[in-house]
Amino acid sequence: MKQMIQRAPFATRIIAALLLGIAAVVLSQAVYNIVPIKPYFPLLGEVLLVQATWLMYRTDNQTLLPLGLQPNFKHLGLLLLGLAIGAVAVMGCTALRTAYTGEVWHLSTAVDGWALLKSLYYILPTVAVQELIFRGYLFTKSIARWGVVRANVLFAILFMLVHVLDRDVLRQPAQALFLLISIPVGHLWFASGLLRTGSLLFAIGLHWGNNWAVSHLAGNADTTGTLFYLTNQKLFTTWLPFIVVILLFNGFFLLVTWATWRWGKKENLPVAGF
């Protein structure tokens with residue numbers, strides 16, 4: 001099989017990678033349905049996707065080096081650093097938004113620290129799957145084939161469509177517009193993290209911290225599930241202030257993306273081995 005794929009054209013390799021990725025996701029779901037292990041080991045799908053990714057790189061006589069997925073202290077440190085940066089970035093963006101809307105921050109009085117830690121554990125599988133699919137083998141091989149700009153445009157669109165083409169989202173024009181603009185910016189941020197550090201674990205960390213903070217940083221009420229809650233909340237009754245918030249949000253994260261790009265070391269990912 002390895003020799004067959006090595007001789008195959010680009011399209012065949014992409015199809016093989018897609019099939020391996022789909023098989024990993026489907027197999028993990030099938031196991032979860034047969035054996036009730038998901039509450040205890042929700043990372044099965046990610047393990048299988050890593051195995052599928054490793055197999056595809058082996059067809060190129062490579063290891064997981066192009067994605068920086070080697071299990072060592074450096075890349076674990078990048079994962080945790082990304083987690084911290086992702087959460088802090090969301091906090092900064094939320095502070096910018098509340099400065100515009102006039103919302104007021106309050107520290108939650110009964111935070112459940114253990115529940116917040118468990119939420120980190122349960123959020124990680126989802127973001128890891130998305131990073132392996134949208135910034136993994138297919139992304140790096142598309143860079144090798146078409147260049148960084150075209151690959152980023154393609155995968156930003158695909159990443160956005162996965163979030164927008166949802167029945168509930170499409171019923172809410174405001175949310176659909178927000179995601180239509182914001183999700184491609186998120187792709188650029190995570191992709192910059194990968195390309196400038198040479199480690200997909202850093203991109204996973206950014207995504208992980210972002211999603212955790214969105215859910216657990218600032219809520220609408222004083223509950224155990226958020227660190228802060230906001231009062232004097234702004235309800236948008238016209239499009240203009242909502243569009244201003246969208247511009248503030250995406251402008252802030254474009255600045256964070258630029259800072260990530262400037263901070264990281266260009267690793268010249270070895271993705272040209274087609």
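Axes are lines fitted to C-alpha atoms, for helices over the stretch in contact, and angles run from 0 to 180 degrees between N-to-C directions. In this predicted model, local features need pLDDT of at least 70, side-chain atom pairs count only at pLDDT 80 or more, and totals for chains, interfaces and linings use all residues. Residues are numbered from 1 along each chain as its sequence is written, and side-chain values use heavy atoms, with hydrogens and water left out.

The axes of helix α9 (residues 173–197) and helix α10 (residues 200–216) come within 7 Å and cross at roughly 150 degrees, where helices are DSSP runs of H or I with at least four residues and strands are runs of E with at least two, numbered from the N terminus. That makes α9 roughly antiparallel to α10, a term for angles over 145 degrees.

On the α9 side, Trp189, Phe190, Gly193, Leu194 and Thr197 meet Leu200, Phe202, Ala203, Leu206, His207 and Asn210 of α10, contact meaning heavy atoms within 4.5 Å.

## The three-stranded sheet

Three strands form an open sheet in the order β1-β3-β2, with mixed pairing; two strands pair if DSSP finds at least two bridges between them. Because β1 (104–107) and β2 (218–219) stand at the edges, each with a single partner strand, one side of each is left without a neighbour in the sheet.

Strand β3 (residues 228–231) runs parallel to β2 and is joined to β2 by two bridges, and Ala218 has Phe228 in β3 as its bridge partner. Helix α4 (residues 73–101) packs on the sheet and touches β1, β2 and β3, its direction making about 135 degrees with that of β1.

Definitions and conventions. Angles under 35 degrees count as roughly parallel, over 145 as roughly antiparallel, 65 to 115 as roughly perpendicular and the rest as oblique.
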